[in-house]
Amino acid sequence: MPLILLLIFAMVAWPFYLFTYGNSNLRHVSALSGAAATPGKTVLFAGTDQRSEDGINDGVEGQRSDSIMLVHVPESGNPSLISLPRDTYVSIPGYGNAKLNTAYSVGGPELLVATVEGLSGLTVDHYVEVGMDGISSLVDSVGGVELCLDYDVNDPMSGLVWEAGCHDSDGVQALAFTRMRYSDPLGDIGRTARQRQVIGQVMDKAISPATLFNPFRQRELVRSATTVLTVDTETDLLDLARIALPMRTIMGPNGIVGTPPIIDLNYQPGGVGSTVLLNPETVDEFFRKVADGSITQADVAANLL
């Protein structure tokens with residue numbers, strides 16, 4: 001009987017410890033706009049990257065939002081993950097038209113959220129910022145991941161050396177995998193797809209038996225995650241767990257993942273360099289489908305040029 005009680009105590013105490021430990025280390029930032037809620041749940045993920053002298057250097061300096069993904073779980077219908085290219089030409093409140101990641105550069109998470117809300121018509125309920133320079137420790141905390149790329153790469157800017165196919169990758173290689181863009185024929189759009197692949201693989205490994213039944217790996221995963229993630233002031237570790245559940249479905253083989261309709265990957269309006277131009281005739285209808293859950297794989301599959 002005492003052994004059974006001890007086991008029950010351990011089953012309750014350990015998850016409570018992980019939650020308390022993780023929540024106390026989770027970083028918060030002001031991000032939400034306070035706009036009226038829209039139906040369903042909407043999460044904005046921003047992958048930010050801080051280049052440093054001792055890290056992989058791809059020629060980009062300073063803090064920036066390199067990857068922007070909008071996840072929407074409607075009240076009914078299909079949840080979806082929509083990647084918003086960082087160079088998307090958008091209207092930024094108070095700044096006029098510019099690249100989407102300019103919103104983060106000049107106004108931080110709050111302006112990025114407001115800009116994405118203006119583009120999509122969806123009110124963001126949770127903001128999750130992923131520090132890409134912490135991806136290495138997150139991948140290592142789950143024992144590495146299998147990543148796939150169907151062409152050879154030798155990219156000195158990111159440090160990625162890759163032979164076409166699928167390979168088990170440690171944190172250092174996974175970080176290079178997420179940063180490489182100059183050798184990708186799709187540039188930032190291809191890089192965003194690889195970043196999604198890394199995140200999906202980490203999520204799969206996080207709920208694998210090797211992690212679920214290993215308390216040391218569980219603690220390391222929580223430690224690494226709270227090092228990598230920054231969230232809005234109203235989001236806690238329990239909210240992140242709730243976000244992770246639909247994310248696994250979305251990033252599975254039948255998930256709805258893609259970009260808004262793009263008509264030009266090299267649109268040059270003047271003054272801001274090369275941008276990504278969304279189709280003004282179809283983009284509003286696209287986000288309406290995202291909002292009500294009627295979006296399908298066919299809607300996102302046809303969007304890349």
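Predicted model: local features only at pLDDT ≥ 70, side-chain atom pairs only at ≥ 80, totals over all residues.
Begin by selecting cysteine 148 and cysteine 166, which are joined by a disulfide with an S to S distance of 2.0 Å; the structure holds 1 disulfide. A disulfide is a covalent bond between the sulfur atoms of two cysteines. If you now colour the strands, you will find cysteine 148 in strand S8 (residues 145-149) and cysteine 166 in strand S11 (residues 165-169), so that the pair, 18 residues apart, links distant parts of the chain. Looking along the S-S bond, you meet an angle of 110°, and the link of cysteine 148 and cysteine 166 is right-handed. Are these cysteines buried, partly exposed or exposed? Cysteine 148 has a relative accessibility of 30% and counts as partly exposed, and cysteine 166, with a relative accessible area of 43%, is partly exposed too.

Next, select Ala206, Leu221, Leu240, Ala241 and Ala244, which are the closest to the centre of the largest pocket among the 33 residues that line it. This largest pocket holds about 1,200 Å³ of space. Helix H8 (237-250) gives the largest share of its lining, 9 residues. By class, the lining of the largest pocket consists of 29 nonpolar, 3 polar and 1 charged residues.

Finally, select Ile250, Met251, Gly252, Pro253 and Val257, which lie nearest the centre of the second largest pocket, a space lined by 15 residues and with a volume of about 280 Å³. Here the largest share of the lining, 6 residues, comes from H5, and the lining of this second largest pocket divides into 6 nonpolar, 6 polar and 3 charged residues.

Key
Residues numbered from 1 in each chain as written. Heavy atoms only, no water. Disulfide = S-S within 2.5 Å. Helix = DSSP H or I, 4+ residues; strand = E, 2+ residues; numbered from the N terminus. Buried < 20%, exposed > 50% of the residue type's maximum accessible area, 1.4 Å probe, protein only. 1 Å grid on protein atoms, 1.4 Å probe; cavity = no way out; pocket = protein on both sides within 12 Å on 5 of 7 lines; lining within 4 Å. Points joined across faces, edges and corners; volume = space filled by probe spheres on them. Nonpolar A, V, L, I, M, F, W, Y, C, P; charged D, E, K, R; others polar.
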